[in-house]
Every structure is written in C-alpha cells, then in structure tokens.
Amino acid sequence: MTTMASTKPPKIIEFDQAFVKIGRTLILKDISFYTREREILGIIGASGSGKTTCLRVMTAQLKPQQGSARIAGHDVKKEAAIIHYATGYVPQHETESLYFPFSALENAHFFGRMYGITGKEIKQRAVELLTILGFDEDLMYKPVKFLSGGERKRVSICVGLIHQPPILLLDEPTTGLDAHLRHELLNYLKQLNYHYGTSMVLISHDLEVVEYCSRIVLLERGEISLQGHPDELIRSLTGRGEAIEVTFDRLTEATIRQVEEIPFVETTIRSGRGSLKIFVEEPHKRIPDLLEALRDRNQSPQEMSVVEASFYDFFRTKSWIAPLPSVESVS
Ligand SMILES: Nc1ncnc2c1ncn2[C@@H]1O[C@H](COP(=O)(O)OP(=O)(O)OP(=O)(O)O)[C@@H](O)[C@H]1O
Ligand SMILES: [Mg+2]
C-alpha cells in the first residue's frame, strides 16, 4: 500500500504543554495547540482568561517556564529576535501602536524604518496595504487623530504588516466597533489573509469572529477548554450539525420542559421569539416522530424544518463552558 504525502501546510504556531507564570502567579496552564500556515486562528475567552498573555508568548515577550512555544519554527525561549521579525502585532489600543499627529503613511514610514526597510519600499507597501484596507489617497495623508476608530484600527494593521511578517497577531481587533464595522474589519483581514497568505491570530471575547476563523481555541481561566475547526465542533453535536427548528404559537418555559422530556430529544435552544432548535439524532428522519410526540403533549407547531446548527448553538449547548459576554446577548 502506498501512502500519500501530506499536503497540509506546515504548523506555523505550536504550543506544547506550555505553563506561563507572571511573578508567582500561574497564568497559562498546560497549553497545547497549533495553527498551520495561512490559517486564521481565533483565541476566544472571557476577560482575564489569558488571551493577551498567550499573544505575548507568541511575540516572545513572555516565555513559558515549562513546555514550549514555537513561532514560525523558532523557539520563543531561544530566538526572540527572529520572532520579532516573523510577527506583526496589532495591539488592542491604537495609542500603543500609532503616532496620532502623523498620517497613516507617516506612521508606516516611522515603523518601517525600524525594520530597515527603504523609504521607497515602505511607500509602495503601505499604499498597497492601505488600498486593500479601503483607504483612498486623501485618507492616507490625514493625521491619525482625525480618523475614526475603524480607520485607526486599519492603520494599525498596515503598520503591523509593513515588514511583511508571515504571522499577524491581533489583540481584540473588533472591540469598540459597531456590528457593521466589526464585520467590515474582519472582511478586510480575510482579504489580507487571502492576498498575502498571512497566518493570523485573532483574539476576541466575542463569538462573532468564529465564522472568520479556520481553527479556534477556547480559553477558560488560563486553560484550553475546547479547540478545533468550528465546523468540526458543530458536527460533534447531536444531529451532526443539523437540528429541527420548531415554531410554536406560544413558547413558554413549560413548553420547553415538555419538549426536553421527549425521550429522543437531546437538548433544545431558543432560536427566536417563538421558535426552538431541537437537537436529535438524524433530524430528517425524526420529524414525524417529533410531530407525534408534540401532538401527544397538546402542542401543534406552526412550522417545522431541519436547519443548520451554528457555532452560537454549539456554544450554548455546552453549558459547562463559562458564558462569554456576547453569548448572553444573542437572542
Ligand atoms: N503583568 C501581570 N502581572 C500580574 N498578573 C497579570 C499580568 N498580566 C496578566 N495578569 C493576569 O493574568 C490573567 C490573564 O490576563 P490576560 O491579560 O492574559 O487576560 P485576557 O484574556 O487578555 O483579558 P481581557 O479580555 O480583559 O483583555 C489575569 O488574571 C491578569 O490579571
Ligand atoms: Mg487582553
């Protein structure tokens, strides 16, 4: 038997049983995960779960006391200088990354020079990056202090990519932006990822970023509680990623309890005002049984159909995961 050579891209970030202490406090415990070249990895967790600490390890500012972390093939404990060139960093606050009296292009020049890039090259790269990021010429020359929050974030991304690093690390890039701007920014990142093949790590306390990620790591109190490809995680639910959505005339807590008592029903999630997503094995085959079971309980649903489960559903069925702020706000 012949074995096919693996065509998977190499691992570009790899943590192996890493423990990180700050002072005497253990902040990250037994962290193992990887991401491959060109992937967008989402690190998601509540405030204080250790997301920024993880990112600081990736920039070699912090080193694991036990275990290892390798970035672009280099050990953070031994090769911090190379890692500095291999990563671009977009901090949470633009005050940490930009000079406000300077324009986008001037900021790019200032930071680009630090990497020893010539003025001509910087201009060329910055214009190209800013164009992908939706800037016209007028915006490129405006002082950052006159730019909006979303525009400042994009300048910060341009600065993070000015030395063409293979990896871009972004700490909460969508925080503080409204829903429309959050998606706009994530789409810009997706375009940069596609155009340059840059591997990205997105940190967020918001599940919204998951649909833009090819792999996710969920952090809870310094430990990984879950990781994988979002679709794989959704498919691990009962129903393999599908559920029966039922719309009721009146959906009360008592109705939900009745539904959950049906023996073949695994779990339910409210999916709208009067509708419930019901998780069962083989949802397509179970529709008639479910209808009968509901009728036995004096319920006559208005509508019933098989729908795809989302990552929000996945998260909400995992009641052992501590709730993230954004989860509670999902209707
Ligand atoms: N320099 C430090 N000294 C002491 N404790 C620290 C230090 N930096 C972080 N911590 C602690 O480590 C834990 C994780 O912090 P971290 O900043 O990584 O969390 P986070 O997930 O990024 O949170 P947030 O979403 O609020 O930014 C917190 O309990 C924090 O108080
Ligand atoms: Mg943080």
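1. In what sense do strands E3 and E8 pair, parallel or antiparallel, and over how many bridges? They pair in the parallel sense, over five bridges. E3 covers residues 40–45. One pair to look up is isoleucine 43, whose bridge partner in E8 is isoleucine 203. Note before going on that this is a predicted model.

2. The overall picture comes next. The protein has 331 residues, and buried residues make up 38% of them. Its secondary structure comes to twelve helices and 14 strands. The C-alpha trace spans about 75 × 50 × 50 Å along its principal axes. Take the contacts between residues at least 6 apart in sequence: 70% of these join residues at least 24 apart.

3. The domain assignment gives two entries: domain 1 (11–228) and domain 2 (238–328). Their C-alpha centres lie 38 Å apart.

4. Back to E8, residues 199–204. Six of its six residues are buried, so the strand is largely enclosed by the rest of the structure. Which residues cover each face? Ser199, Val201 and Ile203 are on one side. Met200, Leu202 and Ser204 are on the other. Both sets are buried.

5. E8 also pairs with strand E7 (residues 167–171). E7 and E8 run parallel and are joined by five bridges. Here leucine 168 has methionine 200 of E8 as its bridge partner.

6. Strand E11 (residues 242–247) is another enclosed strand. Five of its six residues are buried, so the rest of the structure largely encloses it. Its pairings run antiparallel with E14 and antiparallel with E13. E14 (residues 303–308) is joined to E11 by six bridges, and isoleucine 244 stands opposite valine 306 there. E13 (residues 275–279) is joined to E11 by four bridges. In that pairing, threonine 247 has serine 275 as its bridge partner.

7. Now the largest nonpolar core, which has 83 residues. The members that touch the most other members are Ile71, Ala104, Ala108, Cys158, Leu169 and Val201. Why does this core lie between domain 1 and domain 2? Both domains give residues to it, so it lies between them. As background, nonpolar side chains tend to be buried together in soluble globular proteins.

8. Leaving out residues up to four places away in sequence, isoleucine 71 touches Ile13, Met58, Val76, Ile83, Ala86, Thr87 and Ile167.

9. Last, ligand 1. There are 13 residues around ligand 1. Which of them come nearest? They are Ser47, Gly48, Lys51, Thr52 and Thr53. Strand E2 (25–36) and helix H1 (51–58) each supply at least two residues of the shell. H1 gives the most, with three residues.

Methods:
Residues are numbered from 1 along each chain as its sequence is written. Chains are lettered from A and ligands numbered from 1 in the order in which they are written. This is a predicted model: local features need pLDDT of at least 70, side-chain atom pairs count only at pLDDT 80 or more; totals for chains, interfaces and linings use all residues. A residue is buried if 20 or more other C-beta atoms lie within 10 Å of its own, exposed if 12 or fewer, and partly exposed in between; C-beta atoms are placed from the backbone. Two strands pair if DSSP finds at least two bridges between them. Domain bounds come from an automatic or database domain assignment. A nonpolar core is a set of buried Ala, Val, Leu, Ile, Met, Phe, Trp, Tyr and Cys residues joined through C-beta atoms within 7 Å. Two residues are in contact if their C-beta atoms, placed from the backbone, lie within 7 Å. A residue is near a molecule or strand if its C-beta atom, placed from the backbone, lies within 6 Å of it.
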